[in-house]
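The sequence and the model come first, and the notes follow.

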Amino acid sequence: MKLIVGVQLTAALLIWMGSPFAVLPRPPEVARALQRLWAEQGLGADLITSFQLNAQALFVTLVISLGLCYLTVLPFFCPLASAVAKGRFLSLAGLTFVFTLVFGGGRPLKLSLLVFGMTVFFVTSMAAVVAELPRAAFDHARTLRMTEWQVVWEVVILGTIDRAWEVLRQNAAIGWMMLTMVEGIARAEGGVGAMLLNQEKHLRLAEVFAIQLLILLVGLVQDYALGIARRISCPYADLKLERK
Amino acid sequence: MTTAYEYRETLLKVTGVSLILGGQQILRDLSFEIRNIHRPTQNQGQVVALLGPSGMGKTRLFHILAGLDPPDTGTVQVGPEGKPVQRGMVGVVAQSYPLFEHRTVLGNLLIAGRRAGLATDQARAKANGLLQRFNLGAHGGKYPAQLSGGMRQRVAISQQFMCSEHFLLMDEPFSGLDCVAIDEVIKLIGEVSTSDELNTTVVVTHDIAAAIEIADHIWLLGRDRDAGGNPVPGARIQANFDLIERGLAWRDGISGEPAFHELLQEVRTRFATL
């Protein structure tokens with residue numbers, strides 16, 4: 001598998017280098033742009049700002065979404081979760097005015113927009129996980145003399161942690177995707193999103209590519225770390241019957 | 001073959017149970033009881049096989065017997081004291097053998113023990129005893145995903161015995177199994193039955209041959225017919241086959257005997273009229 005990945009990466013690089021589009025920056029230009037941005041324009045500090053914003057938004061999203069999804073075992077909360085999930089069809093740009101009125105500007109605005117953007121997707125996925133739990137799983141816990149709250153703890157919360165990690169990984173990626181737009185709305189704090197938009201405005205394509213590649217790299221590392229955390233906290237998640 | 005036995009106290013009593021769902025009568029005035037069968041020579045539990053066509057309300061009855069759903073009318077009493085059934089008094093092994101996938105085999109048993117009110121030490125001792133009894137001693141640290149179907153079934157039964165001492169409901173334990181696996185399940189139910197005088201197992205199944213091999217009684221669930229031959233809504237017990245009287249209960253290797261095939265044919269014929 002490693003060999004296949006290596007060959008495919010090499011092929012992608014060769015295609016990029018031999019591209020007929022003259023305006024497309026080549027890998028050496030992108031590498032030089034990355035060095036310049038890092039050394040002269042504070043890309044490292046902006047990356048930390050963005051990473052912190054994304055991590056904070058992810059944490060708030062996790063608390064709100066999991067709380068709401070677990071509560072869907074009570075019929076009263078199902079319409080609310082369903083309404084939140086429908087919010088994924090709304091554009092963040094169209095909501096900026098309302099969010100500015102409520103949260104003001106700067107970091108609170110960016111945080112709230114990111115949390116909204118991730119929550120609607122998180123609730124969609126996680127509510128489906130909870131809804132798919134079979135009645136037999138609940139009845140099984142009940143036959144062991146568990147109270148309804150213990151059933152929720154054992155079946156709905158502990159029983160779906162591994163899938164919650166997967167949903168978290170997807171939403172962490174969604175967060176990086178939304179970051180550019182959110183940081184473009186309130187640029188005072190900087191961040192890689194704001195830097196990306198500034199470079200794009202001046203048509204510095206090598207710099208744009210460099211920032212994109214850096215975001216991709218950080219996103220992949222973050223995803224890898226979340227995957228490891230999932231394997232450590234849920235060692236049963238990927239187990240299969242071993243026939244010898 | 002004559003085997004000495006006697007019926008003693010009532011262990012499970014169902015009286016006048018009726019259930020209506022969505023305006024449709026599912027169960028109607030259903031009554032039966034299971035009594036302790038005593039054999040002087042050995043521990044002998046009770047095994048009743050409940051057969052019936054699909055859609056006849058077997059699963060609903062299963063839930064009512066387990067205390068998971070209340071009937072519209074009637075009562076279910078459990079144990080020699082005749083206590084009204086509540087969740088956890090009757091062990092349930094569903095067709096898919098549900099377990100807590102996020103807990104190890106031992107963890108699955110321990111949490112059941114804690115819910116049954118056992119102290120940690122007591123729960124651990126009982127769990128280890130059950131694991132040994134069901135040949136799972138080496139698998140306590142495994143997760144359910146690492147178990148074969150047969151092992152999973154044994155863990156599910158052990159878990160239920162952590163909570164419920166003597167009563168076990170099994171839903172379609174032979175479904176989807178090959179003949180070797182069916183023999184294993186028959187053996188397992190036999191072991192459960194003979195491990196305690198009061199152990200009482202009710203098996204809901206479509207497999208008539210397997211039912212004859214494990215049960216001491218077979219009940220057929222079906223609807224009455226009116227004078228015109230039309231089915232009356234609501235299922236009840238339509239037939240009770242006593243395998244002890246026929247000399248087929250508590251014996252291995254009966255499938256080659258004429259009495260086995262005669263009963264198989266008799267049950268099939270009756271089944272077709274339900």
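## An aromatic cluster in chain A

F116(A) is partly exposed, with 23% relative accessibility, where partly exposed covers the range between buried, under 20% relative accessible area, and exposed, over 50% (1.4 Å probe, protein chains only). F99(A), at 12% relative accessibility, is buried. This is a predicted model, in which local features need pLDDT of at least 70, side-chain atom pairs count only at pLDDT 80 or more, and totals for chains, interfaces and linings use all residues; side-chain values use heavy atoms, with hydrogens and water left out. Residues are numbered from 1 along each chain as its sequence is written, while chains are lettered from A and ligands numbered from 1 in the order in which they are written.

Over all chains, nine aromatic pairs are counted. Rings of Phe, Tyr and Trp (its six-membered ring) pair if their centres lie within 6.5 Å; planes under 30 degrees apart count as stacked, over 60 as edge-to-face and the rest as tilted. One of the pairs is F99(A) with F116(A), which is edge-to-face, at 5.6 Å centre to centre and 70 degrees between the planes. This pair links distant parts of the chain, 17 residues apart: F99(A) is in helix α5 (residues 92-103) of chain A and F116(A) is in helix α6 (residues 106-131) of chain A. Helices (H or I, at least four residues) and strands (E, at least two) are DSSP runs, numbered from the N terminus. Ring pairs also bring in F103(A), so that F99(A), F103(A) and F116(A) are linked into a cluster.

Y5(B) and W250(B) form another edge-to-face pair, with 5.8 Å centre to centre and 80 degrees between the planes. The two residues are 245 apart: Y5(B) is in the segment before β1 (6-21) of chain B, and W250(B) is in the loop between β10 (231-242) and α7 (258-272) of chain B. Y5(B) counts as partly exposed at 29% relative accessibility, and W250(B) counts as partly exposed at 23%.

A charge also sits over a ring in this chain: R133(B) lies over the face of F161(B), 5.7 Å from the ring centre. The rule asks for NZ of Lys or CZ of Arg within 6 Å of the ring centre and within 35 degrees of the ring normal.

The largest pocket holds about 450 Å³ of space. Its lining has 22 residues, of which G159(A), R163(A), L99(B), F100(B) and E101(B) are the closest to its centre. On a 1 Å grid over the protein atoms alone, a pocket is an open set of points with protein on both sides within 12 Å along at least five of seven lines, whereas a cavity is a set where a 1.4 Å probe fits but cannot get out; lining residues have an atom within 4 Å of a point. Grid points are joined across faces, edges and corners, and a volume is the space filled by probe spheres set on the points. α7(A) gives the most to the lining of the largest pocket, with three residues. By class, this lining has 12 nonpolar, four polar and six charged residues. Ala, Val, Leu, Ile, Met, Phe, Trp, Tyr, Cys and Pro count as nonpolar, Asp, Glu, Lys and Arg as charged, and the others, Gly among them, as polar.

About 370 Å³ of space lies in the second largest pocket. It is lined by 18 residues, and the closest to its centre are I186(B), G190(B), E213(B), R251(B) and D252(B). α5 (179-194) and α6 (208-214) of chain B are the elements that give two or more residues to this lining, and α5(B) supplies the largest share, eight residues. The lining of the second largest pocket divides into five nonpolar, six polar and seven charged residues.

## One cavity

The count comes to one cavity of 30 Å³ or more, and about 40 Å³ of space lies in the largest cavity. Its lining consists of L12(B), L65(B), V90(B), F167(B), L168(B), L169(B), T200(B) and V202(B). The largest share, three residues, comes from β7(B). Seven of the lining residues are nonpolar, one is polar and none is charged.

## Confidence

The model scores ipTM 0.82 and pTM 0.81. Chain B has a mean pLDDT of 90, with 99% of its residues at 70 or more; pLDDT is the predictor's confidence in each residue, from 0 to 100. Within chain B, confidence is lowest in α5(B), at a mean of 84, and highest in strand β4 (residues 73-78), at 96.
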